[in-house]
Amino acid sequence: FELIAGKSPYKSPTDMGVNMVGNCILDDKICCEAANQEIIRRRTENQPAAIAQVEAGSSIEELENELIKYLLKYGEHDFEYVEGKEVVELNVAEVIINDLDQNGIVMKNAVLHKIYEEYKTLRQSGEGIGMNHFINHPDPEVSNVVVNLLTYDDNYMVSKLWKKFDIVVESEQERLPVAVPRAVILYKSKVIDDIIAGLRAKLADQSLPEEEQATHCVFLILF
């Protein structure tokens, strides 16, 4: 530039790269897909993460995120569940979907609900369900949520002290027999708490007709 124009419009090679890289993108969709794949690749090549776990105080959205993550990563995995003295073989997707559908529970987060319903449809049709289907989803909201879910746990790294003292940390997959049923139970409990809170709020409304208040009282007793 200095030889041709006498002065360079860029402050450095990096500045030139940042300003000119857009001219190299011929297909934005392919570049976005490649970027998402690269995020997943880099995350999975890092050292194992200490898995962040949902707890009794977790919000509904946190629990919905956890359930969708299990569906996307381990939906077609089977695990052994100890029930009394018996060991039962269960499937991750069946445990989540059967329990939620039988109880008529609909996910509150619109994007997570869309992922859940699409996952069910693909499963019922017998199509193979891969993470790439959702990572490269035509809806950018779905794609972004999925990438965030699949990489979220990488923020929790195993302490070097644990390794120093040979403390074994279970992988996420090894924890499925405990983690999946627990997440389902916590989610159902949180949904019930939310329903009860709504009923109590309605009962506190003095403007409600007596009949409607009585109906809410019956539902509250049932819960």
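This is a short walk through one protein model, from the overall fold down to single residues.

First, the ground rules. The model is predicted; local features need pLDDT of at least 70, side-chain atom pairs count only at pLDDT 80 or more, and totals for chains, interfaces and linings use all residues. Residues are numbered from 1 along each chain as its sequence is written, and side-chain values use heavy atoms, with hydrogens and water left out.

Now the fold. The protein has eleven helices and two strands. Helices here are DSSP runs of H or I with at least four residues, strands are runs of E with at least two, and both are numbered from the N terminus. Reading from the N terminus, the order is α-α-α-α-β-β-α-α-α-α-α-α-α.

Some totals. There are 223 residues, and 30% of them are buried. Buried means under 20% relative accessible area, exposed means over 50%, and partly exposed is in between, with a 1.4 Å probe and protein chains only. The protein exposes about 14800 Å². Carbon and sulfur atoms supply 54% of that area. These areas come from the Shrake-Rupley method with a 1.4 Å probe; for residues, only the protein chains shown count as cover.

On to contacts, meaning heavy atoms within 4.5 Å. Residues 24 or more positions apart account for 63% of them.

Next, the strands. β1 covers residues 78-83 and β2 covers residues 86-91. They run antiparallel, joined by six bridges. Two strands pair if DSSP finds at least two bridges between them. Which residue of β2 stands opposite Asp78? That is Asn91. Further along, Val82 faces Val87 of β2. The two strands form a hairpin with two residues between them. Gly84 sits in that turn, with a positive phi of about 70 degrees.

Now the loop between α7 (131-135) and α8 (140-151). Asp139 is located there. Is Asp139 buried or exposed? It counts as buried, because its relative accessibility is 18%. Its side chain makes a polar contact of 2.7 Å with the side chain of Lys114. A polar contact is a pair of N or O atoms within 3.5 Å; within protein, one must be able to donate a hydrogen and the other to accept it, and residues adjacent in sequence count only if both atoms are side-chain atoms.

His137 is in the loop between α7 and α8 too. His137 has a relative accessibility of 10%, so it is buried. Leaving out residues up to four places away in sequence, His137 touches Lys114, Glu118, Val142 and Ser143.

Over to helix α4, residues 60-74. Asn65 belongs to this helix. At 22% relative accessibility, Asn65 is partly exposed. Beyond its neighbours within four places in sequence, Asn65 contacts Leu112 and Leu149. Asn65 and Leu112 are 47 residues apart along the chain, yet their C-alpha atoms are separated by 7.2 Å.

Helix α6 spans residues 110-124 and holds Glu117. Glu117 is partly exposed, at 31%. Its C-alpha is 9.7 Å from that of Val106, eleven residues away along the chain.

Helix α10 runs over residues 176-203 and includes Leu186. Leu186 is buried, because its relative accessible area is 17%. Which residue lies 128 residues from Leu186 in sequence and 8.3 Å away, C-alpha to C-alpha? Ser58.

Last, the rings. Lys69 lies over the face of Tyr70, 5.2 Å from the ring centre. The test: NZ of Lys or CZ of Arg within 6 Å of the ring centre and within 35 degrees of the ring normal.
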